[in-house]
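Here is a friendly briefing to read alongside the chain you are about to see.

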Amino acid sequence: MDNKVEVHLKELLTFDDVLLLPKYSEVLPSEVIVKSRFSRNISLNIPIVSSAMDTVTEYRMAVAMALNGGIGVIHRNLPPEKQAEEVKKVKRFRAWMVIDPYTLTEKSTIGDAKNLMHTHNISGIPIIDNNGKLKGIITRRDIYYAENDWEPVIRYMTPREKLIVAYYPITLEEAKDILRKHRIEKLPVINERDELVGLITAKDVFNQEDDGDANVDNLGRLRVAAAIGPSKDFERRAELLYEAGVDAFVVDTAHGHSKRVGYAVEYLKKNYPNVDVVAGNVATYDGAMYLIDKGADGIKVGVGPGSICTTRVIAGVGVPQLSAIMECYKACSYNDVPLIADGGIRYSGDIVKALAAGADAVMLGNLLAGTDESPGEDIFYEGRRYKTYRGMGSLGAMLEGGSSRYGWDGSLKFVPEGVEGMVPYRGSVKDVLFQLVGGLKAGMGYLGASNIKELREKAEFIKITNAGIKESHPHDVFIIKEAPNYNKGG
C-alpha cells in the first residue's frame, strides 16, 4: 500500500498580504521610543541589524550601525584572522578606555612609532618593558622633535615618573575628574604591579556625551557581532573573534534547525559563556525551540524571503516571512529570547509589521547594501550609480567560502541558492536609518504605541487583496518627483 503524502494547506502570509489597523492615539512619532534587544544581554537603541553579507557588513558598516544605535554582523566570507581584525577595528574605533592598547618597547625607534601611529591612526603609544610594566608614553607631538627615525623612543618619551596614571579598575566619572584636574590628553591605566592595563584619552572620554544614541558596551566601545558557522574552522574562528572582543556570535546558516548548528551553539555557550550566541535561520516553532534548548540567546528567523535569495525556488522550501515570525515568536516570547526577522523588508512599513508580529529587531541587507559604508563595488549604469549586492548563496559568494552556510562545506560542487545583482546608491547609512526609523515611529504613532511592547499589544492585522496591495502604493498618477530612495528595497 502506498504511503499517502500529508499536505498542509494552512494559509500563511507575508508583509504585503496585510495591513495594521490604525487605533486611537495620543502618541506623536517624536515621542516614540524604539529601544529593543538583539539578544538576551545586548540592547539596541534602534531595532535594526545589518546583515552578515559580504556586500553589506564589514568594519565601516558595523561602526556606522553601532554609532546610530543598531548593530552590525561582520560576515564570515573572510579568513578567521581577517574577520577578527575587522572586529578589532570596530572595538578600537571609539572607547573611553582602550583595553590592551597598541604599545612599543624601550628598544623601539621613532620610525617604529611613526609607522604604528600611521597604520592605526593613533596619536599616543605607551612604552613598556618585557614584563609589560609601563615605562613611559610617546605622542605625535613628541616625535616632531626627533631628527632621525632610527633614534630610540626613550629619548623623546615622557618617562613613567612624570606621568599621571590611573589604577584599574576605574569608572568613567573618575577618569573625567583626573583628566580635568591635570589637563592631560592621555591617561595610562595600570594595575598594582605597574603593568599596563589600558589607555584613556580625553577625546574618547568626552566624546561619550556627544554620541548618546550609540550602542556601546560597559567600556564605551561600539558593539559588534560576527557571523560564524558550524564548518570545520569554527572553533578556531570563535577563539580569534573572542580575543578580538566580539559582543555576540551569530551562528549563521541557511537551515538552523539542524544537528550541526545545535552542536555549534552548545559549544559556543560552553566555551564562551560571557558572549551571547544568536542562531538561525529558522522559520518554525520547532526550529526556534530547538535552538533555544541548545542555549541560543537570540533567534534569527527567515528561510528564503531575501531579495537575492533563491532558496524557495531552488529547494522548494520556506515559510512566508510574517507567518514565520509569528510562529517563532511563540517559542521566543515564552523563553524571553529576542527574535531577529531576517529578510523580506522592503519598506519601513514592513519593519512596523515585523515588530508588531513579534520581532525584536529586523536584519537588513538590500536596504543597506547601496550605502557608502557597504563594501560592495560602485557601478555606473545608464548614468546612475549603483553598488553590487549578492546573496551569500550566490555562485560568487559560495566560491569565496560561503558554501558552508548552505551545507556544502568542503564540496567542490554545489548548488547556488542566491543571485548577484546591484542596488541603487543610497548615500550614508545614517540617512537611510533616519528614514527607516522615522517610518517606524510614524507607524507606531498610528497605533498609539509609545514603545515596541505596546506596538505588539495593540497590533491588529487585516488581510488585504491584490487590489488592496495596488491601492497601498502610489497609483494613477505620473510621478514627477520622488522622495529620496532610502526607503525602497529590491
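What follows is a short tour of a predicted model, going from the whole chain to single strands, helices, backbone angles and aromatic rings. The chain has 490 residues, and 53% of them count as buried. Its secondary structure consists of 17 helices and 23 strands.

**The chain as a whole**

- The accessible surface comes to about 24000 Å², and carbon and sulfur atoms account for 51% of that area.
- Take the contacts between residues at least 6 apart in sequence: 66% of them join residues at least 24 apart.

**Strand β16 and its two neighbours**

- On one pairing, strand β15 (residues 248–252) runs parallel to β16, and five bridges join the two.
- If you want a residue pair to click on here, V251 has A279 in β16 as its bridge partner.
- Between β15 and β16 the chain passes through helix α8 (residues 259–271), giving a β-α-β crossover that is right-handed.
- Strand β17 (residues 298–301) also pairs with β16 in the parallel sense, over four bridges.
- For this second pairing, the bridge partner of V282 is V301 in β17.

- Which residues of helix α5 (residues 172–182) are buried? They are A175, K176 and L179.
- These residues lie on the same side of α5, because they cover an arc of only 100° around the axis.
- As background for that pattern, an α-helix has 3.6 residues a turn, so residues three or four places apart point the same way.
- The cover over the buried residues of α5 includes strands β12 (186–190) and β13 (196–201) together with helix α6 (202–207).
- Just after α5 comes R183, with a positive phi of about 55°.
- In the loop between β11 (166–167) and α5 you will find P169.
- The peptide bond leading from Y168 to P169 is cis, and its omega is near 0°.

**Positive phi in two loops**

- D100 has a phi near 55°, a positive value in a residue other than glycine.
- The loop that holds D100 runs between β6 (98–99) and β7 (104–105).
- Is D100 buried or exposed? D100 is exposed, with a relative accessible area of 55%.
- D336 is not a glycine either, although its phi is positive at about 55°.
- D336 sits in the loop between α11 (321–334) and β18 (339–342).
- The relative accessible area of D336 is 48%, so D336 counts as partly exposed, with the cut-off for exposed being over 50%.

**Aromatic rings**

- How many aromatic pairs does a search of the whole structure find? The search finds six.
- One of them is F234 with Y267: the ring centres are 5.2 Å apart and the planes meet at 75°, so the pair is edge-to-face.
- This pair links distant parts of the chain, with F234 in helix α7 (residues 234–244) and Y267 in helix α8, 33 residues apart.
- F234 counts as buried at 5% relative accessibility.
- Y267 is also buried, with a relative accessible area of 18%, as the cut-off for buried is under 20%.
- Another edge-to-face pair is Y381 with Y386, at 6.4 Å centre to centre and 65° between the planes.
- In that pair Y381 is partly exposed, with a relative accessible area of 42%, whereas Y386 is buried at 13%.
- F234 and Y267 also belong to one aromatic cluster with Y263.

Note on methods:
Residues numbered from 1 in each chain as written. Predicted model: local features only at pLDDT ≥ 70, side-chain atom pairs only at ≥ 80, totals over all residues. Heavy atoms only, no water. Buried < 20%, exposed > 50% of the residue type's maximum accessible area, 1.4 Å probe, protein only. Contact = heavy atoms within 4.5 Å. Areas by Shrake-Rupley, 256 points an atom, 1.4 Å probe, with all protein chains shown as cover. Arc of directions from axis to C-beta. Pairing = 2+ DSSP bridges. Right-handed = clockwise from strand over helix to strand, strands pointing away. Phe/Tyr/Trp six-rings, centres within 6.5 Å; stacked < 30°, edge-to-face > 60°.
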